[in-house]
Amino acid sequence: MAEQDIGTGRPPPPVHGRAPVRDRARRTGGARYIRHGGGARQGRSAAALVTAAASLLVALAPTAGAAEPRPLVPARFVPGPCPATPEPVPGRCGYLEVPENRARRGGRTVRLTVAIVPAASGRAATDPVVFMTGGPGADAISDIPFLVDSGVNRDRDLIVMAQRGTLHSRPNLACPEVDRFYAEAVGLRYDAPSTGRRLVAATRACRDRLTASGVDLSAYNTTENAADFADLRRALGIERWNVYGYSYGTDLALTYLRRHPWGVRSVAIDSVVPPRIVSLPWTWDSAHEGITTVFAACAAQPRCARRYPDLRRTLDRQVGRLEAHPLTVMAQPPAGGAPVRVVLDGGALVNLLVANAVPAVDVPAALDELAHGNPERFARARAAGATPVLGEFAHGLTQSVACAEWVPGHSRADLLRAGRRAFPGWPDSVLAQAPQLPFEHEVCRVWDVPDRTAVQRLTTTSAVPALVLSGTFDAKTGARWGAYAARTLSRSTTVRVPGVGHWVVPQSPCAQRVLASFLTRPTGPDTACVAGLAPKPFTITPAPKPPSPPAPAPPRPETV
């Protein structure tokens, strides 16, 4: 079973270098922004309170030309040591202290780790880049190597802040109970009701533990998350900055732009999740687009088309066959270790495809092998879930966002109808679960946070220069949703990168050049490199040998 999120399918970690820069500081707005050298269940009363707070936030939403309001409770940035990470943070750190719930004055605060990575050029522009990671629930600090390797900090300082509730924040809404469930789930049927009950039990245990410690789960939402970033800019004294987000970070970036437009020089969104659209049924649309595009790319390559004809039919048959008769095999996790018991049913197969757990270039070969009795590629990809890092991913933030902002307003029947439209003929047991978010209606009944769709499921309209990046193979956040979001971003440039999946920039040198050009000239980035792009050649395996004809029967002895 895949993790419950839409934005943590990272590419393999690159090796990145560091470049020293000279120290300098500037003063803006009375606060210091320091550039530095390199080196290194809540009941009805709670729901009513949040609804009232949401109404207040709507009333306080900015209007064109309005002055930036001062927060009721100022945040503060405190310099401090960088967290211990596998690769040391190549910059300075500290934490931002903000209210947990801005609608409750005098309540508890949260601390969010902030890392400031200097510009590699040593001549930083005055407008840094602030990064918003995916998930929701991913660890932004661990994304720094990807960002540095992609050149995001080439000419500008890069600011990375842990989102509230994630690994390098306090409190951390990690759910080791859910992590342990996922480790066991590789040996369970993906979409069986008994599997769902185990997930719900693990979620309930996490919720009970967090709320017993005093965590206000309703405060971990995109509105508060966006306000944290607005507080960060003010606390650092930054006059203008550039926003870059991917996956859920695009939902957050668009919300931030709508609610806090002050000081935003440009916005780049990568693998787009439109706040107005994201929901459980929406996941089937994206899954269909991404998978179909992979198959179309194979059909466009003669060798792939000859070797793997009619991939959609092959997939349809395998989903149906595995859902009716799941395979149970032993498979070694890709990272090594002892083989583990793995169950492959139709739901597991589909979610491995959506999660890009098997690289797109290998998908036709993997499906063909599966159809001929060899499930190894998919089995090993499923086995990868058997060894999660306990507590690394903040499932609590995932559920507080999804259950308040994505799930309400759409019934189980809506979800099933969307699945049937996307993949007619597939078993309902597969289509009843949203890709990457199985059993979410049941989970949200346990998580029990108020509906926030009235303040979150809105369109962002802006004239701030925007870059919209999508990968054509993205089955989590389909590429067409980038163009959808761009319709109300009047000064936007939309780029579709062929043959790339979720989170485009770390995977595409061309996308890296486009982003760098955009940061230099937001209203006219150089996108020329995109015209020469095409998907990589697909893996071609030898065709299976046809079975040998049976040996001729020996002649019958003559009778006398």
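Is Cys 304 buried or exposed? Cys 304 is buried, because its relative accessible area is 1%, and buried here means under 20%, with exposed over 50% and partly exposed in between, using a 1.4 Å probe and protein chains only.

Before going on, the ground rules. This is a predicted model, in which local features need pLDDT of at least 70, side-chain atom pairs count only at pLDDT 80 or more, and totals for chains, interfaces and linings use all residues. Residues are numbered from 1 along each chain as its sequence is written, and side-chain values use heavy atoms, with hydrogens and water left out.

Now the disulfides. A disulfide is a covalent bond between the sulfur atoms of two cysteines. Searching the whole structure gives 5 of them. With the bonded cysteines numbered in sequence order, they pair 1-2, 3-4, 5-6, 7-8, 9-10.

Cys 304 is joined to Cys 298, S to S 2.0 Å. This link is left-handed, with -100 degrees about the S-S bond. Cys 298 is buried, since its relative accessible area is also 1%.

Next, Cys 82 and Cys 93, again a disulfide, with S to S 2.0 Å. Cys 82 sits in the loop between β3 (76–80) and β4 (92–99) and Cys 93 in strand β4, so the pair ties together parts 11 residues apart in sequence. Strands (E, at least two residues) and helices (H or I, at least four) are DSSP runs, numbered from the N terminus. The link is right-handed, at 95 degrees about the S-S bond. Cys 82 counts as partly exposed because its relative accessibility is 28%, while Cys 93, at 6%, counts as buried.

On to helix α5, residues 222–236. Which span should its 15 residues have, at 1.5 Å a residue? The answer is 21 Å, and the end C-alpha atoms are 21 Å apart, which agrees. The expected span is 1.5 Å times one less than the number of residues. Of the 15 residues of α5, 13 are buried, so the helix is largely enclosed by the rest of the structure. Just after α5, Gly 237 takes a positive phi of about 70 degrees.

Last, the packing. A nonpolar core is a set of buried Ala, Val, Leu, Ile, Met, Phe, Trp, Tyr and Cys residues joined through side-chain atoms within 4.5 Å. The largest one has 116 residues, and those with the most contacts inside it include Ile 159, Trp 284 and Phe 378. Helix α7 (residues 280–300) gives the most to this core, with 9 residues.

Key
Disulfide = S-S within 2.5 Å.
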